[in-house]
Amino acid sequence: VQVVESGGGSVQAGESLRLSCATSGRTFSTLGVAWFRQAPGKEREFVARVSSSGYESDYADSVKGRFTISRDRDRNTVNLQMNYLKPEDAGLYYCAARIERPFPTEKWAIWGRGTHVTVLS
C-alpha cells in the first residue's frame, strides 16, 4: 500500500488550500486515512481522519469548523479542504493509512513523505 500527498503550497492567512492523498496497492474501501502535520521544532500532531466507510470522521479541536476531510472513491483519494488558514496551520502535512477492513487495525502503518503548507500572516 502506498500513499502520496499533493496540494501543498504557500497562502495568505484566511485563504484556502486543498490537500490530496492518493492511495494505491489495496482496495480503497478497506483503508482508513488520516492527516497529520508537523511544524518546525514541534511534534507531529493529528489533524483529521476518515474511516474506510466514509461515515466516520474526526478532527483536532484546532481545525474543527475550518477543515473538512472527504473520500473520493472515483480517484481512490482522500482530500483535506483547509479553509480560513492561520499561520499556526503551517507545517509538513502527512497522509497516513491503515487497514480497517475486513479486520480493523489501530496503527497508522502507511505514511507518505508529506507536503508543505506555508501560511503567511
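This is a predicted model: local features need pLDDT of at least 70, side-chain atom pairs count only at pLDDT 80 or more; totals for chains, interfaces and linings use all residues.
**Strand S8**

I began with S8, residues 77–82. I counted 5 of its 6 residues as buried, so the strand is largely enclosed by the rest of the structure.

I then looked up its partners. Strand S3 (residues 17–24) runs antiparallel to S8 and is joined to it by 6 bridges. In this pairing I found serine 20 opposite asparagine 79 of S8. Strand S7 (residues 67–72) is also antiparallel to S8, again with 6 bridges. Here arginine 71 has valine 78 as its bridge partner in S8.

I checked the hairpin of S7 and S8, where 4 residues lie between the strands. Asparagine 76 has a positive phi near 50° there.

**Salt bridges**

I noted 8 salt bridges in the structure. I looked at aspartate 89 and arginine 66, whose closest N and O atoms are 2.7 Å apart. This pair links distant parts of the chain, 23 residues apart: aspartate 89 sits in the loop between S8 and strand S9 (91–99), and arginine 66 in the loop between strand S6 (57–59) and S7. I found both aspartate 89 and arginine 66 buried.

I next took arginine 75 and aspartate 72, which form a salt bridge at 3.0 Å, N to O. Arginine 75 is exposed at 61% relative accessible area. Aspartate 72 is at 17%, and I list it as buried because the cut-off is under 20%.

Last, I recorded glutamate 100 with arginine 98, a salt bridge with closest N and O atoms 2.8 Å apart. Glutamate 100 is buried at 13% relative accessibility, and arginine 98 is buried at 14%.

Note on methods. Residues are numbered from 1 along each chain as its sequence is written. Side-chain values use heavy atoms; hydrogens and water are left out. Buried means under 20% relative accessible area, exposed over 50%, partly exposed in between (1.4 Å probe, protein chains only). Helices (H or I, at least four residues) and strands (E, at least two) are DSSP runs, numbered from the N terminus. Two strands pair if DSSP finds at least two bridges between them. A salt bridge is a side-chain nitrogen of Lys or Arg within 4 Å of a carboxyl oxygen of Asp or Glu.
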